[in-house]
Amino acid sequence: MTNFYNYFLHVITLIEPKDFLDVAIVAGLIYVVMIFVRQTRTYLVFYALALLAGIYFLSTRFDLGLTRQIFQPILTFSFFLLAIVFQRDLRRFFDWFFISGRKLVWERKKALTNEVSISVTKAIGIMAKNKIGALIVFPGDYPLDSLIEGGWGLDGRISSTLLLSIFDHHSPGHDGAVIIENNRLRRFGVHLPLAENYQGWHQAGTRHRAGVGITERSDALSVIVSEERGEISVAENGKLRKISSIDELNPIIADHLKESIHLTTGFWHYFLARNTWVKLTAIVLAGFFWFILAFSGGTVTQTIDVPIETRLLTNNLQVEQVNPQDVKVTVTGSDRDLRNFDSRQIKATIDLTEAQVGWQEYQITKDSISYPSYLKLIKISPETVKITIHKNVENN
């Protein structure tokens, strides 16, 4: 336990301010990817891609040449394949990101008025009593335009008579859903995405799957009336539950549509104000990746023998001897950087522009050493070198 505590303190002392920025940027990227996976329900594909990336990382880490050669093109091809397969989902996601993300303003979210609430619950109660199937959706902060298909725009005043006429068996839109937003009936006869993680409720049909499906991909609330049993169900956050009485429905809808001042519907409200656990998971994953890939055990010091090179010597002079011919350069950096580091990237160069015949002593400074920016130069030994120069006989 003491060793772990000491190692933890050692890690803390090595963390720099730039590391926090590094983790924050990666956490943001992971968060966006997790939101995309959550909205498109592509969990299985994401797990498969993560598995491929993990195998490739291990092959690189432990220098598994054959595995790395096989999985590198597979991993690269997988990203192109995903872009093709999920082209439509990616387009919807970036539309949400860029178009709705620009609407970063404050506005008042309208609650359901008492008149509309009575009309909705009255219609639902009548439909449940007469076993008339119905599906009513109340959007949250996430826009539904990219998730719904078909239907007809109405933007009409809500009444129980209107709702009953829409879900009447003779109505062309009775099999679809009704969208109620800002106390108006926006659309009817709408087709919703079916639930993918649909478990239980084996006796429920397509209407219930659609009601759950829209709540899997958004923060909407849907109310479903069963055509076979006349039961009323509520779907929220991808979960379906029955309610025993129509009196339970009003508080549920009111809580979902409670009036408040908030960021307007769009990406930034969903991105910044919601998904607390997803954010925490992204930060933890980013910290883990930083520790494994960037930190990887802390800082390592390495001493390298670097040959001395000369330059800018005039044509009539020639270097006869360099003593010593090498200098020892000590650098420090992360264990991963130095593990993959090529020592030929470090060069020691002496400027002989003002050189004269005979031997001279030159100072080797940090300016004389070129090295990658991700390393830090600690020491040069020796700090001086003797160079003997004579005239080039061939040019005389």
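I am working with a predicted model, in which local features need pLDDT of at least 70 and side-chain atom pairs count only at pLDDT 80 or more, whereas totals for chains, interfaces and linings use all residues. Residues are numbered from 1 along each chain as its sequence is written, and side-chain values use heavy atoms, with hydrogens and water left out.

Entry, strand β2. I looked up residues 134–138 and found that five of the five residues of β2 are buried (under 20% relative accessible area with a 1.4 Å probe, protein chains only; exposed is over 50%, partly exposed in between). Strands here are DSSP runs of E with at least two residues, numbered from the N terminus. I noted that A134, I136 and F138 lie on one side of β2 and L135 and V137 on the other, and that both faces are covered.

Entry, partners of β2. I count two strands as paired if DSSP finds at least two bridges between them. With β6 (residues 221–225), β2 pairs in the antiparallel sense over five bridges, and A134 stands opposite V225. With β4 (residues 177–181), β2 runs parallel, joined by two bridges, and there I136 stands opposite V178.

Entry, I389. I found I389 in strand β17 (residues 384–391), and I recorded I389 as buried because its relative accessibility is 1%. Leaving out residues up to four places away in sequence, I389 touches several residues, including L313, L317, Q318, A355 and V357, where contact means heavy atoms within 4.5 Å. For Q318, which is 71 residues from I389 along the chain, I noted a C-alpha separation of 5.6 Å.

Definitions and conventions: Helix = DSSP H or I, 4+ residues; strand = E, 2+ residues; numbered from the N terminus.
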